[in-house]
Structure formats: structure tokens, C-alpha cells
Amino acid sequence: MADERIPISREGYEKLKADLDRMQNGEMIEVAKRIATAREMGDLSENAEYHAAREDQGMLQARIDALKDKLARANIVDRANLPSDAVVFGATVRVKDLDANEEETYILVGPGEEDYEQNKILTTSPIGQGLLGKKINEIAEIKVPRGTMRYKVLKISFT
């Protein structure tokens, strides 16, 4: 996997750790019990329950490994050390879409904290990348698959 650091808030880090704990100490134990039960049913070469449980175990282990990697690369960001006059990780940004003439508010977050229904977007997303570093009244031109979006930064806040 990549060696780059992943910006994340303390809350996001704790949420990912809780997810990892749940997978390792809950879901993995349940899958192991399913494998043991299926193994007791006899011939493993024709035992569909056994093979399904082993496949589930492999997929769960892959998710656990990916989450461990993400946590190992996590860079917990202290918002107090970030500039308050520019769009940075953790900022709430109100922008105006200059093409649609509509206002939108985004919160820039790290992995595990994204919630698109709440407009919490990743700093690594195209919109997040385009807004990073911008100041009030600056225009961000963001290339997306359907063309170029133009946003004017109206307000930057931290909640």
C-alpha cells in the first residue's frame, strides 16, 4: 500500500479503531465459529457452508488489513495548529457554484469521517483538493469527469 500519511481527526481515528476492534473481536470470532461448525459436518470438499465461511473469513481479513494500514498511516491533525484564513483539513466551507449560481457548504474530513449526505467530503476528493488552500473570495476551478466546476469561497469556519 502507499506510504503517504492520511490526515484524520482524533474522533475519526477513534472511530476507525473501534471498527477494527469490532471486526477483530466480534466478526472474526463469529466467522471462526461458523468454520468450526461447518467442519464438524463432515467432508470438507463438498461442504458449501465451510467454503462460504472460509471465503467470508478471507474477505474480513482483507478489510482488517486495509484498516490496520489506514490506522498505521494516520496523521492526527490538531485543528488548533492550522491557519484559520484558508481552507484546510477540518474546515467548514461555504461556496458559491458560479455556473449553477447555487451555494453549498462542505466540511473537509479524512477517511472514515466522510458522510456525503451531511456534505462531509474527503480532502482527497476532487472538490476537497480544489478547495484546499483557497481563501475567502478566491475562485477554485476543479476538474471533474463532467467538466470544470468553478466555486467562489464565501466563508471558512471551524466547528
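**Entry 1**

I looked up S9 and found it in the loop between β1 (6-8) and α1, where helices (H or I, at least four residues) and strands (E, at least two) are DSSP runs numbered from the N terminus. The model I am reading is predicted, so local features need pLDDT of at least 70 and side-chain atom pairs count only at pLDDT 80 or more, while totals for chains, interfaces and linings use all residues. Residues are numbered from 1 along each chain as its sequence is written, and side-chain values use heavy atoms, with hydrogens and water left out.

I noted that S9 is buried, because its relative accessible area is 2%; buried means under 20% relative accessible area, exposed over 50%, and partly exposed in between, with a 1.4 Å probe and protein chains only. The side chain of S9 is joined to that of E113 by a polar contact of 2.3 Å, a polar contact being a pair of N or O atoms within 3.5 Å, of which, within protein, one must be able to donate a hydrogen and the other to accept it, and residues adjacent in sequence count only if both atoms are side-chain atoms.

I then turned to I8, which is in strand β1 and counts as buried because its relative accessibility is 2%. Leaving out residues up to four places away in sequence, I8 touches Y13, L16, A74, N75, I76, V77, F89, P111 and E113, contact meaning heavy atoms within 4.5 Å. I also recorded that I8 and V109 are 101 residues apart along the chain, yet their C-alpha atoms are separated by 6.9 Å.

For α1 I compared the span with expectation: its 30 residues should span 44 Å at 1.5 Å a residue, and its end C-alpha atoms are 42 Å apart, which agrees. The expected span is 1.5 Å times one less than the number of residues. I found a bend of about 35° in α1 at M23, the bend being the angle between axes fitted to the seven residues ending there and the seven starting there. M23 is also one of the buried residues of α1, listed with G12, Y13, L16, L20, M28, V31, I35 and A38, and these buried residues pack against β1, α2 and β2.

Helix α2 (residues 48-72) has 25 residues and reaches 36 Å from its first C-alpha to its last, close to the 36 Å expected. At its start, I saw a side-chain oxygen of N47 reach to within 3.2 Å of the backbone nitrogen of E49. The buried residues of α2 are Y50, A53, L60, I64, L67, D69 and L71, and they pack against α1 (10-39) and β2 (74-76).

I placed T92 in strand β3 and read it as buried because its relative accessible area is 12%. Apart from neighbours within four places in sequence, T92 is in contact with T105, Y106, I107, K155, I156, S157 and T159.

V153 lies in strand β7 (residues 147-157) and counts as buried because its relative accessibility is 0%. V153 and E141 are 12 residues apart in sequence and 11 Å apart in space, C-alpha to C-alpha.

**Entry 1: two asparagines with positive phi**

I checked backbone angles next, since most residues other than glycine have a negative phi. N101 has a positive phi near 55°, sits in the loop between β3 (92-97) and β4 (102-109), and is exposed because its relative accessible area is 54%. N119 has a positive phi near 60°, sits in the loop between β4 and β5 (120-122), and counts as partly exposed because its relative accessibility is 24%.

**Entry 2: the whole chain**

The protein chain has 3 helices and 7 strands, in the pattern β-α-α-β-β-β-β-α-β-β along the sequence. I noted that its C-alpha trace spans about 70 × 35 × 25 Å along the principal axes, and that buried residues make up 35% of the 159 residues. Of the contacts with a separation of 6 or more, 53% are between residues 24 or more positions apart.
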